[in-house]
Amino acid sequence: MNKIKKIRALVAGLGTHDHEKAVQLTAAVLRDAGMEVIYTGMAKGVNRLVPTVIQEDVNVISLSLFSMSHLKTLEKMMASLKNEKVDNVLFIATGVIPDKDIPVLYQLGVDMVFKLDMVKEMIKYIEEKV
Amino acid sequence: MKQQHLDKAWEKLISDMKKGSNLALSRLITRIECREPGWMAAMQKIYPDTGRASIIGITGSPGAGKSTLTNQITKHLVDKGKKVGIIAVDPSSPFSGGAILGDRIRMSDISGLDGVFIRSMATRGALGGLNQSARDVVKVMDAFGKDIIIIETVGVGQDEVEVVKISDLVLVVCVPGQGDAIQAIKAGVMEIAGIYVVNKSDRDGAEQVVMDIKAMLDLGINRGNQQPPIIQTMADKGEGIEALVNAVMTHLNRLDKEDKWREARVKEELMGLLEKEILGLIQKQWNKYGRFEEDVKKVLNMEEDPYAIVQKVLAPLKAFILKDHE
């Protein structure tokens with residue numbers, strides 16, 4: 001009947017506030033594609049990201065990485081989501097990611113990696129998968 | 001009460017929610033917000049467990065510090081052993097339908113706290129509008145066992161007044177430096193405030209805002225039985241929050257459950273539900289076979305006027321409803 005399907009996406013970044021503009025841009029792009037974006041800015045750790053994923057019932061997580069020193073955090077987040085039985089959430093990594101690290105991200109369970117300039121591909125991917 | 005049949009997925013979510021699963025609560029909220037088939041039967045199932053929570057609406061112009069206040073108030077409530085549900089509303093873009101829901105940024109202190117559940121909601125379109133779905137989300141959180149549910153509104157728009165009407169207590173947040181603080185608040189909201197909060201009280205002009213509110217109250221504009229308190233805060237520094245929380249608790253404890261607002265609320269809820277359902281039914285029928293698009297074209301080509309078209313669409317419904325009452 002009055003059914004309204006909406007894609008809900010969590011957009012967050014790991015790292016310092018220097019990179020926040022790039023994360024905001026991802027949020028704006030997804031909003032303009034008609035999605036409801038839960039924007040949390042730069043995350044301080046998984047303790048707040050995981051409850052956000054659960055409480056907001058998002059379909060997509062877009063996590064921006066700007067340094068591979070955050071891989072540990074990502075790994076912790078993946079484990080925590082699994083532990084909380086959160087499934088059916090598309091996990092996207094974006095940001096500044098060196099090519100050699102992309103396989104590492106897939107190994108950790110990331111569904112897809114998009115470079116910062118691949119927003120169109122990212123939207124298409126989300127719309128297909130959700 | 002006639003209970004519609006519920007499928008297994010709904011049954012499972014409701015029973016998991018009652019057992020305290022945040023994930024089930026969250027998924028239930030999504031399904032109800034999206035008006036998935038069976039949502040009304042699900043609400044019927046949940047309804048008997050509602051009516052326990054106190055509902056607080058927080059409103060005020062954009063940038064008044066509503067999210068920061070919500071964050072601070074919630075910290076105090078959790079310290080008092082309360083379970084808190086928060087609904088943070090932001091506007092949807094009328095063009096893309098998308099939204100950026102950013103209230104959690106200022107609520108990061110409480111985002112992972114035990115007993116706290118924050119849900120961001122976009123206003124979405126008119127159909128299944130915010131008013132009714134926010135009302136239903138409140139009920140689900142209530143049934144889940146939240147003691148206090150805070151609805152933080154957008155700060156602009158008509159939904160504002162509507163959402164505020166479902167609260168037991170409304171906090172109106174004013175700040176100095178936004179011109180006439182009272183003019184900035186929508187008509188219909190000022191009158192039903194239970195507590196006035198003057199936030200960012202370290203700024204110039206805070207005393208003036210307090211005096212303006214007092215002057216307005218002296219005119220007898222507020223509809224409550226008692227003069228509402230005016231509380232000064234600096235939410236970002238956590239100052240004045242204790243006094244505010246005490247005033248909130250005093251107000252909630254004093255609330256007469258039989259007051260006139262409750263009856264008005266039921267009336268409004270019935271009309272609101274009916275309105276959305278009827279509109280939904282009509283739209284569905286109208287869209288069938290592309291008739292809606294045809295009618296739009298007729299208006300665009302000046303073949304028919306909108307009034308004639310609406311009368312044509314309403315005619316069968318009118319005939320049916322009036323049949324027994326002529």
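How many helices and strands are there in chain B? Chain B has 11 helices and eight strands, where helices (H or I, at least four residues) and strands (E, at least two) are DSSP runs numbered from the N terminus. This is a predicted model, in which local features need pLDDT of at least 70 and side-chain atom pairs count only at pLDDT 80 or more, while totals for chains, interfaces and linings use all residues. Residues are numbered from 1 along each chain as its sequence is written, and side-chain values use heavy atoms, with hydrogens and water left out.

**Chain B as a whole**
- Of the 326 residues in chain B, 48% are buried, meaning under 20% relative accessible area with a 1.4 Å probe and protein chains only.
- Among contacts (heavy atoms within 4.5 Å) in chain B between residues at least 6 apart in sequence, 75% join residues at least 24 apart.

**Residue B:R104**
- B:R104 lies in the loop between β3 (99–101) and β4 (116–122) of chain B, and it counts as buried because its relative accessibility is 3%.
- The side chains of B:R104 and A:E56 are joined by a polar contact of 2.6 Å, that is, a pair of N or O atoms within 3.5 Å, where within protein one must be able to donate a hydrogen and the other to accept it, and residues adjacent in sequence count only if both atoms are side-chain atoms.
- Leaving aside neighbours within four places in sequence, the residues in contact with B:R104 include A:P51, A:T52 and A:Q55 as well as B:I118 and B:S120.

Technical notes. Chains lettered and ligands numbered in written order. Buried < 20%, exposed > 50% of the residue type's maximum accessible area, 1.4 Å probe, protein only.
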